[in-house]
Amino acid sequence: MNPPTLDELVLATPSSLGSYGPLMHEIERALASPQCSLGMIADVIEKDIDLTARLLRFSNSAYCGFSTRLSTVTEAIGLIGIQQVQDLLTASSVIERFSGVSNEFVSVKSFWQHSLATGIAGRLIAMERRLPRPDRLFVSGLLHDIGRLVLILQAPKHAQKIFELYKKERILLREAEVRVLGYDHQNVAEALLKSWKYPLSLVLAVGNHHNPSGCEAARVEAAVVHLSDHLVNAMRVGSSGERFVPPLNPQAWATLGIKPDALAMIVRGIDEQFDAVQEMFLSA
Amino acid sequence: MVVSEDVKNIDNMLLIPSGCILTARQIGILQAWGVDNIEVKFNGEPDKVDKLDTMPADALERLTSDVRASFWKADDADPVFAELFKVILRRRANRPVAN
């Protein structure tokens, strides 16, 4: 049986926004209004009681690190920013969209733990490197291995072959994907996120996180996701199926210009923020 | 750690009030403002014992071997690998159970 093409995988994957879709559209409509205010956006979010509670808990967590306690959605949006709230909703909707994936090859909870920790790492590295929009790197990290879930969901027989080969020959999971399919999970993610019309820098960062030097247009962002994935694999926070810590690309490390002694602080930051982020995204 | 004195910039603008728990994010903000030292105090908890420093030799050897085996490529001559290995080893000694 021939492996599916990338286009076939993308077409077979549901494109709806899940239960957050109407809320996200309503926020977009409010933002487009000339009378738009933080209060209007807060009114939209407050219609979802669960989301409101989670957003407030999240805003008061170590991840956000604000020195004052936030008690209203308006305050939370004002300090976090509307763009970040939208990114959080996007991330929540993607996690929800893949909630039905089988645990046969990889524990879905463990998969998202790995992904969330990679997102936290991406944001911390972006902050350390003083990059603009560190929250965008959180979303890139969160989605970096989404192609693997698409493969399990849409091509389970090929996924089985991949995992068998990976176990039998003790090779990297990504190498097994290339041998069975002719492409890997990052190619699948790139095609999917492109079809969902995600920002190009995010699509390229996710689509090149194993070969960050090969993508000039998003070299730094891809290097951030690459290092984040490396650190989180080394920390063993969750797993996207890979048993080894894949090698760190020396060019990616050089691109980021981070000093080795910053690694301890980043690892500590991931540990400090992980519980709050997990509660925000995986508590439903 | 808790900030023990208000942290202000050169224009006397309050960056972090005293009593605030210092997080990685706030350290980033301080770096961005060029603040290179602040007064802190510990949260009142006794210093935790670093289990790596007190680990029996055979347990340390097993842990070292386990951590090394998890890396696809382990090159001690690479300063980045050497530092990360040290960080992960210490973390594993102190947090043996995965999240």
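Biologist: Leaving out residues up to four places away in sequence, which residues does Glu39(B) touch?
Modeller: Bear in mind that this is a predicted model. Glu39(B) sits in the loop between α1 and β4 (40-41) of chain B. Once residues up to four places away in sequence are set aside, the contacts of Glu39(B) are Ser4(B) and Glu5(B).

Biologist: Is Glu39(B) buried or exposed?
Modeller: Count the other C-beta atoms within 10 Å: Glu39(B) has 11. The cut-off for this class is 12 or fewer, so Glu39(B) comes out as exposed.

Biologist: How far apart in space are Glu39(B) and Asp76(B), C-alpha to C-alpha?
Modeller: Chain B is divided into domain 1 (2-41) and domain 2 (51-94). In sequence, Glu39(B) and Asp76(B) are 37 residues apart. In space, C-alpha to C-alpha, the gap between Glu39(B) and Asp76(B) is 37 Å.

Biologist: And what separates the centres of domain 1 and domain 2 of chain B?
Modeller: Domain 1 of chain B runs over 2-41 and domain 2 over 51-94. Taken over C-alpha atoms, their centres are separated by 33 Å.

Biologist: What pattern does chain B follow along the sequence?
Modeller: Start with the tally, which is four helices and four strands. Reading along the sequence of chain B, the order is β-β-β-α-β-α-α-α.

Biologist: Which element of chain B has the highest mean pLDDT?
Modeller: Chain B as a whole averages a pLDDT of 80, with 85% of the residues at 70 or above. Among its elements, the lowest mean, 71, belongs to helix α1 (residues 24-32). At the other end, with a mean of 95, is helix α4 (residues 79-94) of chain B.

Biologist: Which element gives the largest share of the side of chain B that touches chain A?
Modeller: In this contact, 22 residues of chain B meet 30 residues of chain A. The elements of chain B that give two or more residues to that side are α1 and α4. The largest share, seven residues, is from α4(B).

Biologist: How many residues on that side of chain B are nonpolar?
Modeller: The contact takes in 22 residues of chain B. On that side, five are polar and four are charged, while the nonpolar residues number 13.

Biologist: What ipTM does the predictor give the complex?
Modeller: Two scores come with the complex. The pTM is 0.82, and the ipTM is 0.84.

Biologist: Over in chain A, which element gives the largest share of the largest nonpolar core?
Modeller: That core holds 90 residues, and Ile120(A), Ala121(A) and Ile270(A) touch the most other members. The largest share, 10 residues, is from α7(A).

Biologist: Which residues does Ile120(A) touch, not counting those up to four places away in sequence?
Modeller: Ile120(A) is one of the residues that touch the most other members of the largest nonpolar core. With residues up to four places away left out, Ile120(A) touches Phe138(A), Ile270(A), Gln273(A), Phe274(A) and Val277(A).

Biologist: What do the buried residues of α6(A) pack against?
Modeller: The buried set in α6(A) includes Val85(A), Leu88(A), Leu89(A) and Ile95(A), and also Asp87(A) and Arg97(A). In chain A, those buried residues of α6(A) pack against α2 (21-32), α5 (73-80), α7, α8, α9 (146-154) and α16 (263-282).

Biologist: How far apart are the end C-alpha atoms of helix α6 of chain A?
Modeller: Helix α6 of chain A has 16 residues, and at 1.5 Å a residue they should span 22 Å. The model agrees, since the end C-alpha atoms are apart by 22 Å.

Biologist: How many of the 17 residues of α14(A) are buried?
Modeller: At 1.5 Å a residue, α14(A) should span 24 Å, and its end C-alpha atoms agree with that. The helix is largely enclosed by the rest of the structure, because its buried residues number 15 of the 17.

Biologist: Where does Arg133(A), another non-glycine residue with a positive phi, sit?
Modeller: The phi of Arg133(A) is near 50 degrees. Arg133(A) is partly exposed, with 18 other C-beta atoms within 10 Å. Its place in chain A is the loop between α7 (108-128) and α8 (134-143).

Key. Residues are numbered from 1 along each chain as its sequence is written. Chains are lettered from A and ligands numbered from 1 in the order in which they are written. This is a predicted model: local features need pLDDT of at least 70, side-chain atom pairs count only at pLDDT 80 or more; totals for chains, interfaces and linings use all residues. A residue is buried if 20 or more other C-beta atoms lie within 10 Å of its own, exposed if 12 or fewer, and partly exposed in between; C-beta atoms are placed from the backbone. pLDDT is the predictor's confidence in each residue, from 0 to 100. A nonpolar core is a set of buried Ala, Val, Leu, Ile, Met, Phe, Trp, Tyr and Cys residues joined through C-beta atoms within 7 Å. Two residues are in contact if their C-beta atoms, placed from the backbone, lie within 7 Å. Ala, Val, Leu, Ile, Met, Phe, Trp, Tyr, Cys and Pro count as nonpolar, Asp, Glu, Lys and Arg as charged, and the others, Gly among them, as polar. Domain bounds come from an automatic or database domain assignment. The expected span of a helix is 1.5 Å times one less than its number of residues.
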